[in-house]
Amino acid sequence: MNSPAAQRLGVVPSVFAVEHLPHATFPEDDEWIALVRAPEGLTVVRETWPTGSGDRWIGLYGGTTAHSLDVPGMLAAIVGPLAEAAIPVFVASTFHADLVLVPEPRVKEAVAVLEDAGHRVDTTHLRSADI
């Protein structure tokens, strides 16, 4: 890891779905991981079944290289290389780190891109079908 913004990321063991609820202010259940309320509605991130249909996302979390809110460039160091590789992302940030979701079919490519950018990615939780 050459750059101060290089991070140790881990693949989250869950598979996620991202939903848009245009007229909701809060989901009707408590099965969500992250919520973002905006003028156009509510965005909900939920765990989903390891198999099934629909858009499915794999999470990369930088909790092992936690940083304070005043450290610039940490999220950009992750999403920048993914953007250059045309890999879509959805991000939910915590107080200490960022959860970056990538489309399940692109996770192997995303890991390679991030490692080429100087990050370390623990793929222990990737299912054999993902790699």
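In which handedness of crossing does α1 pass α2? The crossing is right-handed. The legends below describe close-up views of a predicted model.

**View 1. The crossing of helices α1 and α2.** The axes of these two helices come within 9 Å and cross at roughly 120°. That angle makes α1 oblique to α2, and α1 passes α2 in a right-handed crossing. At the contact, Ile78, Pro81 and Leu82 of α1 meet Ala110, Val113 and Leu114 of α2. Two packed helices are described by the angle between their axes and the distance between the axes.

View 2. Met74, Ala77, Ile78, Pro81 and Leu82 are buried in α1. These residues lie on the same side of α1 because they cover an arc of only 115° around the axis. An α-helix has 3.6 residues a turn, so residues three or four places apart point the same way. Ala83 and Glu84, on the other side of α1, are exposed. The packing partners of the buried residues of α1 are β1, β6 and α2. Ala86, which follows α1, has a positive phi, near 60°.

**View 3. The largest nonpolar core.** This core has 17 residues, and Ile58, Leu82, Val102, Leu114 and Val121 are those with the most contacts inside it. At least two residues of the core come from each of β1 (8–21), β4 (57–61), α1 (74–84), β6 (98–103) and α2 (107–116). With 5 residues, α2 gives the most to this core. Apart from it lies another core, of 8 residues, among them Ala34, Trp57, Ala92 and Leu101. In soluble globular proteins, nonpolar side chains tend to be buried together.

**View 4. The surroundings of Val121.** Val121 belongs to the residues with the most contacts inside the largest nonpolar core. When its neighbours within four places in sequence are left aside, Val121 is in contact with Leu9, Val11, Leu60, Val111, Leu114 and Glu115. Of these partners, Leu114 is also listed among the residues with the most contacts inside that core.

**View 5. Thr43 in strand β3.** Thr43 is located in β3, which spans residues 41–48. Its relative accessibility is 19%, and Thr43 therefore counts as buried, the cut-off being under 20%. Neighbours within four places in sequence being left aside, the contacts of Thr43 are with Val18, Glu19, His20, Ala34, Leu35, Val36 and Phe90.

Conventions
Residues are numbered from 1 along each chain as its sequence is written. This is a predicted model: local features need pLDDT of at least 70, side-chain atom pairs count only at pLDDT 80 or more; totals for chains, interfaces and linings use all residues. Side-chain values use heavy atoms; hydrogens and water are left out. A nonpolar core is a set of buried Ala, Val, Leu, Ile, Met, Phe, Trp, Tyr and Cys residues joined through side-chain atoms within 4.5 Å. Buried means under 20% relative accessible area, exposed over 50%, partly exposed in between (1.4 Å probe, protein chains only). Helices (H or I, at least four residues) and strands (E, at least two) are DSSP runs, numbered from the N terminus. Contact means heavy atoms within 4.5 Å. The arc is that of the directions from the helix axis to the C-beta atoms. Axes are lines fitted to C-alpha atoms, for helices over the stretch in contact, and angles run from 0 to 180 degrees between N-to-C directions. Angles under 35 degrees count as roughly parallel, over 145 as roughly antiparallel, 65 to 115 as roughly perpendicular and the rest as oblique. A crossing is left-handed if the near helix is turned anticlockwise from the far one by less than a right angle, and right-handed if clockwise.
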